Amino acid sequence: MSEEGASLLLSPATKGKSKSHEQNDSSESTPLLSNSSDTPRYDGEDDGHDRDDAVSIRSQPAATAVASRPTKKSWRWPSFIAMGILGALVITIIVLAFIVPEAVQEYAQQAAVVEPTNLALESITTNGVRARIQAKFHLDGTRVANDHVRRVGRATTWVAYQLESAETKVDVRLPEYDNVLLGSAIIPPLVVNLRDGDMTTFDFVTEITPGDVDGIRTIANDWLEGRLEKLRLDGVADISLKSGIIPLGTHSVSDSLVFEANKIPAIPKYNITRFNVEDGPMNGSMLADVSLTAFNEYPVELDIPELAFEILVPGCAMSDSILVAEAATSEVHVYPRADVEANVKAVIRELPDSLTHVCPDSTSSPLDNLLRQYMHGEPATFFVRGSQNPDGDTPKWIADILSSVTVPVPFPGRSLDGLIRNFSLTDVHFSLPNPDADPEDPDSNPKVSGTILVTAGLPSEMNFGIDVTHIRATADVLHKSRKMGELSVREWQNANSTRVEDKGDEGAELLIQSRVIDAPLNVTDGVVFGEVVQALIFGTAPVRLHVNALVDIQVHTTLGNLTLKEVPAEGKIPVKPLPKGAFGSIDPKVGSLRVLDTTSDSITLQALVNVTNPTPYTAHIPYANVHVLNNGSVLGSATVENLDLLQGPNSNILVTAKWNPPMGGDRGRKIGRNLLSQYLSGWNTSITVKPHRHSIPGQRIICDALSAFNLTVAAPRLDLPGDTPEERAHFIRDATFHFFSSTATFTLVSPLQHNTLYLDFVNATALYNHSEPIGQILYDLPFSAPPGKSVTPRLPVSWSIGSVGYGAVERAIGGKLKLDAYANVDMRLGNWKESLWYEGKGIGASVKL
């Protein structure tokens, strides 16, 4: 019982009609211990007014006359004394009842101290509850500020000593809600000690009956929706009082309590100590087992029976809610100022379509929104409502109240950060951008394909069957905490999963495998990308790329197919660097050449090239163009289109090349002339391949990064006709000298299979033993070198008569000798012309007469 509750017993009383001879219908209000207009609040504090200024409910005494007619019979002293005492008592009661009610009322209000010790719910009945109330009451005069009020009050209560009430029914109504009845309670007879400091202990059982269900629902909804700024309760009762053997009549008592919004008890904070979800015994169902603990900070004890509830979630509209589960609580024992534990079991059946369908003007369903909140660690809101079809043991009045109120319950989210324990990408395949794609087209970005292997830790509460069927994701790719680019998998990719049960303290795991095909990679930072490329080319340790992803997952459960959107995933992808000596093993070889176009300075040709891919990666290259350099000068370019580069040997790669030394200026012309001469002479030459700003159309960031690197490889050897490797390395296959006619013919092998070379001028010298001149050829008539093997016309030879070389030729008549040759040649191919030099060694020469 609260202090305010005690005032119901000590409040203004209105008597019934008096037996006045002058006014038969007048009423007499006798405020025995009246209540103040100061409205006590939920926390027991006053409204803030000074206690001395409290406005009392004043009595309105009727004009009551009590006449006493004296007799002339003689009185004895004992009778006189008795009558005197009785008269004094009557006068005292009159004084107490009619003269000092306001002072007594004020004293009672300020001196009353009520200490509730326990409130226990003994049983639930079909009409309400039986509650046991324990409290202590006493009057403390020191709490009264006004000396006059304190003296009068102490004197009055000393004389009255005790007040006793009969059984009383108290109705509690809501004046601000059309005076609807909130509930009723039957209070048994009580005796209150009124003397200052005397303690009264209350221990009684009361019957509490709920009132209008609609009124209770209205208040609850206003409170839950934050519209309840304050709540005023009016208690009304007719109390029959007596003091000792003196009846004090029946008094109509009313009192008001005001609960401010911040003083109204809130839903207690609770902790979820156990949460487990598993497959149900029937197909299409799951069981949830939840344990909650909360601290009861009030001196209230009760047993809550098993109750049934409906669990709902928010729908598309704010006013919509969707039924997803049915729950039941076990019996709950509530002890005063102690932790309370509740066990809840719920059944989740097949999910309704309204939960999984996308909302209008949105891309998410109610289930998507709910899971997004949970997986990002944010509280997800559930709605709990009493079941409309409870079991037979639940009284109807409880079912009516609980089913009429819907309570929002925040369910703590769980961040899934760290859920991904391992993340790897194997069988990687790269695709360069399509040069014809629009900038907004995903084909305008490089693409990555590979097999994703994910090891995900399963939360301990997930003990139901789950199978991942499809995934898609968007991810940021970082290197050393700096973002390199964005990886986007917009289309659903097939996936499968395998559950691995607990391993020690790590818990169960889910192994997920998916083959991702053509995921666009948008490189956003060329500097970081360049560092990664450099580490792959020149490094020895794997390059670890960090991936922060939001993954959409389609899973199959016993409830059906679900889509989990934007699941946070994090992992590292180790990328292996190129093997040591990888560039040396590329080993390019040219199989055939075809000239497509010529100008005076350039040749455009196509070649079938054989190379070896030493990396563990494959690639598709729709288009790429690189510069070809030698000694730092650009001599031309090479282009590949629609190239599928496999691991290991790759044959017949079609390369379009343009020989154009003027790109490097005059220095480029000179370097290009020397490079061709060295190459035709069979020297070990090399070329440098270097990307430039337009190597990959539309990918300026990637091109700028790649342009910082170059690749120097041995010039690809031409696959010339011949029987031995040594023969296939020389353009001049053999020579025949005709001694008497002083002429010579040469067998030439052209690297071109479809075009004819022309030699417009030849100035050659043949040497014996590398340094001894044999003779000189000077010929200025053009002759051709068609595809394959061909023999030159007889070229005039000016012998070096008397030289060691000439003597060697004489001795070799009818036989062969090895000679070297050095020549300056004017070569022509279509419109292209160039003056080259040639050095040949170990040329086999026949000498005939």
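Biologist: What makes Phe740, Ile813 and Leu849 a nonpolar surface patch?

Modeller: Together they make a patch of about 320 Å². Areas come from the Shrake-Rupley method with a 1.4 Å probe, and for residues only the protein chains shown count as cover. This is a predicted model: local features need pLDDT of at least 70, side-chain atom pairs count only at pLDDT 80 or more, and totals for chains, interfaces and linings use all residues. Residues are numbered from 1 along each chain as its sequence is written, and side-chain values use heavy atoms, leaving out hydrogens and water.

Biologist: Why is Phe740 called exposed?

Modeller: Its relative accessible area is 63%, and exposed means over 50% (buried is under 20%, partly exposed in between). So Phe740 counts as exposed. Phe740 sits in the loop between strand E37 (732-738) and strand E38 (743-750); strands are DSSP runs (E, at least two residues), numbered from the N terminus.

Biologist: And why is Lys580 called exposed?

Modeller: Same cut-off: at 88%, Lys580 is exposed. You'll find Lys580 in the loop between strand E28 (560-575) and strand E29 (589-598).

Biologist: How much of the protein is buried?

Modeller: Buried residues are 44% of the 849.

Biologist: What is the mean pLDDT of the protein?

Modeller: pLDDT is the predictor's confidence in each residue, from 0 to 100; the mean is 78, with 83% of residues at 70 or more.

Key:
Patches are made of residues with over 30% relative accessible area and no salt bridge: like charges are joined within 9 Å, nonpolar side chains (Val, Leu, Ile, Met, Phe, Trp, Tyr) within 5 Å. A salt bridge is a side-chain nitrogen of Lys or Arg within 4 Å of a carboxyl oxygen of Asp or Glu. Helices (H or I, at least four residues) and strands (E, at least two) are DSSP runs, numbered from the N terminus. Buried means under 20% relative accessible area, exposed over 50%, partly exposed in between (1.4 Å probe, protein chains only).
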